[in-house]
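Please read the report below alongside the sequence and the 3D view.

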Amino acid sequence: MRFVFSPPADEAAGLLTLPFGEPLEEWQDKRLVEIRQRGLSRHVVRFVADGGELYALKSISERLARREYRLLRALAERGVPAVKVVGIVVDRGPDLDAILVTRFLEYSTTYRALFSNPRVGHPSDRLLDALVELLVRLHLSGFFWGDCSLSNTLFRYDAGTLAAYLVDAETSEQHPSLSTGQRLWDVELATERTGGELLDLQAGGLLPAEVDPLSFGEKLSQRYDRLWDELTREEKLRPTEQRHRIAKRLRRLNDLGFDADELELISTPDGNKLRIRTKVAEAGQHSAQLFRQTGITADEHQARRLLNDIASFRGYLEQKSSSPVSETVAAHRWLEEVYDPVVAAIPVGLRDRLAPPEIFHEILEHRWYLSEQAGTDVGTTAAAKSYFKTVLPTVPDPLTTATEYVAELSRLPDQGGGSSA
């Protein structure tokens, strides 16, 4: 039996004691966790809690396991949203497939769960935007998905929007760049498969009447074309407007979460032609800024919202003291006086519903609505109390079991239950 783990491999050392010599579907181990409303899969997939982390284990042929392991690592290197691969286990014994190990995406949900428990209207538009952005990111990075579908995607709330993450890369291909034909074929496959998945939901009575499965696929193709054009189109510039137009175009790319890899200006009789080679941004600028200032890890839209609240708090501090307040001091005091108390006040039984930055964002939204009704600012503390009482309990459970339960499993003294690997 051989284990091939990505560094730092010691993070998953506890997994070595799992019963890898037995068929995955027959495992009996105290660390196994049942995931509610999990997605559909062609392969046997089990979930294991170890060391306070949750892992997904998929039984698959060695050839496909090694291929998917390599592709998921390549996606991570390019900053494309995908599940994080931990390693593979091969040579498990006669007639036993290899096992691919990935880290489960915290606070994630599936399209089935989103439609079964809609929070604010049906999620079809947000699903479309998230899936299209993920597909474009893959194509800009030279990846042909080959199996783009809602079932092969996990979603996470990001300040009211949805962020999409690739889960299954079995059929993916990595190229220096994709041809137009490869891109459009991938989009056509996505159109067919997403429409079929929604037809299944419709047959099961889980799809809102106003959502048309066939038009969903058509809209996916149309939105893909618009975003791809926005990111890659050429435009002609007059010399007098060149600097302004280039800056505006680059700012638009950054707002969409992309960077310019290369700028090319080509002289023509009608002016200069601007050609931009776009790449996926290595890291969201707002996420990185928030982490530098506060140590909070958040998705991009969440980070932008929290940074705006820090800026507002800084203005309050300066007005109160009638003197300038540095950005660092304001961020430190905001963390200590605003954010940390709110997160600490989240009811224990509800702490795993959403990521803390998402909860804080929703409290800010709740504060705005309450203040509108009251005709005056109600404050974050009062808004948090109201939110914890009236809104957070209605949020569906995430796919994972409660954080406390997963942590408790990892602390069990006897984590065996099967043959030692």
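## Sheets and helix packing in the predicted model

Strand β1 is joined by 4 bridges to strand β5 (residues 84–90), and the two run antiparallel. Within that pair, Phe-3 stands opposite Val-89 of β5. Strands are here DSSP runs of E with at least two residues, helices are runs of H or I with at least four, and both are numbered from the N terminus; two strands count as paired if DSSP finds at least two bridges between them.

This is a predicted model, in which local features need pLDDT of at least 70 and side-chain atom pairs count only at pLDDT 80 or more, whereas totals for chains, interfaces and linings use all residues. Residues are numbered from 1 along each chain as its sequence is written, and side-chain values use heavy atoms, with hydrogens and water left out.

Contact means heavy atoms within 4.5 Å, and axes are lines fitted to C-alpha atoms, for helices over the stretch in contact, with angles running from 0 to 180 degrees between N-to-C directions.

| Strand pair | Sense | Bridges |
|---|---|---|
| β1 and β5 | antiparallel | 4 bridges |
| β5 and β6 | antiparallel | 5 bridges |
| β4 and β6 | antiparallel | 6 bridges |

Val-89 has Ile-99 as its bridge partner in β6, while Ala-56 stands opposite Thr-102 of β6. Is β6 buried or exposed? It is mostly covered, with 6 of its 6 residues buried, where buried means under 20% relative accessible area (1.4 Å probe, protein chains only). Ala-98, Leu-100 and Thr-102 on one side of β6 and Ile-99, Val-101 and Arg-103 on the other are all buried, so both faces of the strand are covered.

**The sheet of 3 strands**

A further open sheet has 3 strands in the order β7-β9-β10, again with antiparallel pairing. Its edges are β7 (108–109) and β10 (161–166), each of which has a single partner strand, so one side of each is left without a neighbour in the sheet. Strand β7 pairs with β9 (residues 153–158) over 2 bridges, and Ser-108 stands opposite Arg-156 of β9. Helix α3 (residues 124–140) lies across β9 and β10, running at about 40 degrees to β10.

**A pair of helices**

Helix α9 (residues 327–344) and helix α10 (residues 356–374) have axes that come within 10 Å and cross at roughly 100 degrees. That makes α9 roughly perpendicular to α10, a term for angles of 65 to 115 degrees. Trp-334, Val-338, Tyr-339, Val-342 and Val-343 in α9 meet Pro-356, Pro-357, Phe-360 and Ile-363 in α10. By class, this contact has 9 nonpolar, no polar and no charged residues, where Ala, Val, Leu, Ile, Met, Phe, Trp, Tyr, Cys and Pro count as nonpolar, Asp, Glu, Lys and Arg as charged, and the others, Gly among them, as polar.

**The chain as a whole**

The secondary structure of the protein chain comes to 12 helices and 14 strands, and buried residues make up 47% of its 421 residues.

How values were computed: Buried < 20%, exposed > 50% of the residue type's maximum accessible area, 1.4 Å probe, protein only. Parallel < 35°, antiparallel > 145°, perpendicular 65-115°, else oblique.
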